[in-house]
Amino acid sequence: MDASDLAYRHPMLYDLEYSALAADIEHYVALAKARGGPVLELGVGNGRIALPLARANIEVHGIDRSQDMLRDLQRKVDAEPVHVQARIRTRQGDFRHLKGPRSYRTVFLPFNAIHHCTHHSDVLALLASVDSVLLPDGRFYLDCYLPDPILHGRDPSQKYGHTDFAHPVTGQNIHSWEQSWYDPIAQIHHVEYTYIPEGETPEEVKLDLRVFHYQEMLALLDWGGFRIAHEAGGFDGRDVTAKSSKWILCIERKGEA
Ligand SMILES: C[S@@+](CC[C@H](N)C(=O)[O-])C[C@H]1O[C@@H](n2cnc3c(N)ncnc32)[C@H](O)[C@@H]1O
C-alpha cells in the first residue's frame, strides 16, 4: 500500500475537509458539457466531481487506486436516481499504468491529484497512460498548485488552520489542524492533518505532495509528448502570473494543430 492510499482511508474526513469547494466542480462540469461525454476521471476518489458530472448528464468513467474512496463513491452512487447511477462506471487502478484503447476525447485529473506523482518518472508514466487512452483530438485537463514559498516556509512545529467540524452522523465536534514541512531536495511538501473527535482517538492523515515548478512541468509535458493548449491561474480564468498559487491546465499532444 502506498502512503497516498493511507491518506484516503477516511472518506468521511475527506468530505468534511473539502465539501465547501465549488469552483473546480463548476469548471469541470462546464468543460464536460462543452465537450460531451464520456469523460475519464483519473483519481475519481469518492465522487466529489464525478457525481455532479453524472447529474449534469455526463457519462463518467472513473479510476482510483483507493478501495476506501471507491467504496464510498459506490455508497453515494447507490443513493442517486437510477439514470444518474447509469452514467457512472468506476474501477480500481493506477493512473500511471493505463493501456488504451484510445477512446476518450476528454480526460480529467482534478484537484491536485498530480501532486501524488512524487517522482518525475511517475509524471512520465501518467502521460504515457493518458496518451494510450486519449483520442487523436483529445484533451487532458488538470489543476495543481504552483510553488508557494510562504506555505513551504512554515514552521513544522506550528499547528495551522485550526477548524471545528460537526460529525455528519452524530453531530459530535471534530477539532482539526494541519502541520507541514517542505523538503526542497525531493520537492515534497509533507502535510499532516490531525482530527480529534470528542472523546475518541485522534486520526492522522498524511500527504506527501510533490511540488512542480512551472518550467519543470513544461519540460515534463514536453518529454511526455504533450504541451499546454490553455492555462489559467485560477478557476475564474485569470492569467498565470508570478503570484499565482493555482494552475489550471488544458493539455494536448505536441503534434496537434
Ligand atoms: C485529491 S483526491 C481527488 C479526488 C476527486 N477527484 C476529487 O476531486 O475530490 C486524489 C485521488 O487520487 C487517487 N490517486 C492518487 N494516486 C493515484 C494513482 N497513482 N492512481 C489512481 N488513483 C490515484 C487517490 O486515491 C485520491 O482518491
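Is Asn-57 buried, exposed or partly exposed? Asn-57 is partly exposed, because 14 other C-beta atoms lie within 10 Å, a count between the 12 or fewer of an exposed residue and the 20 or more of a buried one. Please keep in mind as you read that this is a predicted model.

## Two residues with positive phi

Let's stay with Asn-57 for a moment. Asn-57 sits in the loop between α4 (50-55) and β2 (60-64). The phi angle of Asn-57 is near 75°, which is positive even though the residue is not a glycine.

Phe-111 is another non-glycine residue with a positive phi, here about 50°. You will find Phe-111 in the loop between β4 and α7. Phe-111 counts as partly exposed, because it has 19 C-beta neighbours inside 10 Å and a buried residue needs 20 or more.

## Around the ligand

Phe-111 turns up again at the ligand, where it is listed among the closest residues together with Gly-43, Gly-45, Arg-48 and Ser-66. In total, 20 residues surround the ligand. Sorted by class, this shell has nine nonpolar, six polar and five charged residues.

Now to the strands. Strand β1 (residues 39-42) and strand β4 (residues 104-109) run parallel and are joined by three bridges. As a landmark on this pair, look for Val-39, which stands opposite Thr-106 in β4.

Strand β4 also pairs with strand β5 (residues 134-145), again in the parallel sense, over five bridges. Here Tyr-104 has Leu-134 of β5 as its bridge partner.

## Two cis peptide bonds

The bond from Gly-37 to Pro-38 is cis, with omega near -5°. Pro-38 lies in the loop between α3 (23-35) and β1.

Gly-100 and Pro-101 are likewise joined by a cis peptide bond, with omega about 0°. Pro-101 belongs to the loop between β3 (88-92) and β4.

How does the protein divide into domains? The domain assignment gives domain 1, made of residues 3-146 + 213-253, and domain 2, made of residues 149-210. Taken over C-alpha atoms, the centres of domain 1 and domain 2 are 23 Å apart.

Ten residues of domain 1 make contact with twelve residues of domain 2. On the domain 1 side, the elements that give two or more residues are α1 (3-7) and α2 (11-18). The residues on this side divide into seven nonpolar and three polar, with no charged ones.

To finish, take a look at Glu-203, which is in strand β9 (residues 203-210). Glu-203 and His-10 are 193 residues apart in sequence, yet their C-alpha atoms are 9.0 Å apart in space. Leaving aside its neighbours within four places in sequence, Glu-203 is in contact with His-10, Leu-13 and Tyr-195.

Why does Glu-203 count as partly exposed? Glu-203 has 16 other C-beta atoms within 10 Å, so it falls between the limits of 12 or fewer for exposed and 20 or more for buried.

Notes: Residues are numbered from 1 along each chain as its sequence is written. This is a predicted model: local features need pLDDT of at least 70, side-chain atom pairs count only at pLDDT 80 or more; totals for chains, interfaces and linings use all residues. Two strands pair if DSSP finds at least two bridges between them. Helices (H or I, at least four residues) and strands (E, at least two) are DSSP runs, numbered from the N terminus. Domain bounds come from an automatic or database domain assignment. Two residues are in contact if their C-beta atoms, placed from the backbone, lie within 7 Å. Ala, Val, Leu, Ile, Met, Phe, Trp, Tyr, Cys and Pro count as nonpolar, Asp, Glu, Lys and Arg as charged, and the others, Gly among them, as polar. A residue is near a molecule or strand if its C-beta atom, placed from the backbone, lies within 6 Å of it.
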